[in-house]
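I set down here what I looked up in this structure, entry by entry. The sequence and the model come first.

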Amino acid sequence: MGRPRPGLSERTSTEAGPRHPARTTGRTEGSTMKIGIIGAGNIGGNLTRRLTALGHDVSVANSRGPESLGALAEETGATPVVAAEAARGAEVVVVTVPLKNVPDLPSGLFDGAADGFVVIDTGNYYPRERDGRIAAIEDEGLTESRWTERQIGHPVVKAFNGTYAQDILERPLPAGDPARLALPVAGDDAAAKERVRRLIDELGFDTVDAGGIDESWRQQPDTPVYGLREGVDAVTKALAEASPERPAGFRG
């Protein structure tokens, strides 16, 4: 996997999702959340589609401004906003922008977020194809998500970074289905990580606890779990088989 796979990066998708994604898995009544999504590419766009279909109140932002999100808003009912407003009142904030653009996110990004809000980081470091060399990742040995935490000033839970975007639309299954896919989830705060795992379950996928953010190298690009479309056992095995050495193809 020497290059970003289609659907894994944050580049804008040219594929339109279904206008009315099917509701899957059992969200309990009264559990609607306010969710902010910063980035409307492959992952961000399809999360917007699924989360609105599940009844959540979604605000979505991108680098081009709310006026560029009219089609997605009309399709989904999400509210297009500027990035500085995406987290207002949000219980969950998804940061799904190219890694090189993370330092350019507006200051005060999380002003007005709900108490105890959780940030999901979907990012990957692609130094050769997109991001350029980031010394703190390569020289200091920071995991990609630890670096992102330092830029945005808030802990993150790493999830969806190795997920095919179309799978978010096309492959959700009810809990207990033997064909259900599993996603790795890493984070330092047990409660935040559990909230993200519940949300992923609602989206129709199992999860595997991948450890803390300093262990999140286990799910970075070119590891065995990256892009793996398997269940809990295979994902657990793949995480255990990962090497902390950064692959040559993912060095700047």
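Among contacts in the protein chain between residues at least 6 apart in sequence, what percentage join residues at least 24 apart? I found 73%, where contact means heavy atoms within 4.5 Å.

**Basis.** I am working from a predicted model, in which local features need pLDDT of at least 70, side-chain atom pairs count only at pLDDT 80 or more, and totals for chains, interfaces and linings use all residues. Residues are numbered from 1 along each chain as its sequence is written, and side-chain values use heavy atoms, with hydrogens and water left out.

**Whole chain.** I looked up the secondary structure and noted eight helices and eight strands. These are DSSP runs numbered from the N terminus, helices being H or I of at least four residues and strands E of at least two. Of the 252 residues in the protein chain, 55% are buried. Buried means under 20% relative accessible area, exposed over 50%, and partly exposed in between, with a 1.4 Å probe and protein chains only. The accessible surface comes to about 10,800 Å², and carbon and sulfur atoms hold 47% of it. Such areas come from the Shrake-Rupley method with a 1.4 Å probe; for residues, only the protein chains shown count as cover.

**Strand S5.** I next examined S5 (residues 118-121), where Val-118 and Ile-120 point one way and Val-119 and Asp-121 the other, all of them buried. S4 (residues 92-95) runs parallel to S5 and is joined to it by four bridges; two strands pair if DSSP finds at least two bridges between them. S5 also pairs with S6 (residues 157-158), in the parallel sense, over two bridges. Ile-120 is the bridge partner of Val-94 and stands opposite Val-157 in S6.

**Cores.** I then turned to the nonpolar cores, each a set of buried Ala, Val, Leu, Ile, Met, Phe, Trp, Tyr and Cys residues joined through side-chain atoms within 4.5 Å. The largest has 30 residues, of which Ile-35, Leu-47 and Phe-160 touch the most other members. Elements that each supply at least two residues of this core include S1 (34-38), H1 (42-53), S2 (57-61) and S7 (182-187). H7 gives the most to this core, with five residues. Apart from it lies another core of 27 residues, Ala-83, Val-93, Val-97 and Phe-110 among them. Beyond its neighbours within four places in sequence, Ile-35 contacts residues including Leu-51, Val-58, Val-92, Val-94 and Leu-199.

**Helix H7.** I checked the span of H7: its 14 residues reach 20 Å from first C-alpha to last, close to the 20 Å expected at 1.5 Å a residue. The expected span is 1.5 Å times one less than the number of residues. Its buried residues are Ala-192, Lys-193, Val-196, Leu-199, Ile-200, Glu-202 and Leu-203. At the start of H7, a side-chain oxygen of Asp-189 comes within 2.9 Å of the backbone nitrogen of Ala-191. Gly-204 follows H7 and has a positive phi, near 110°.

**Two single residues.** Not counting residues up to four places away in sequence, Asp-167 touches Pro-172, Leu-181, Phe-205 and Arg-229. Gly-153, in the loop between H5 (144-152) and S6, is exposed because its relative accessible area is 63%. Gly-153 and Gly-108 are 45 residues apart in sequence and 9.5 Å apart in space, C-alpha to C-alpha.

Definitions and conventions
A polar contact is a pair of N or O atoms within 3.5 Å; within protein, one must be able to donate a hydrogen and the other to accept it, and residues adjacent in sequence count only if both atoms are side-chain atoms.
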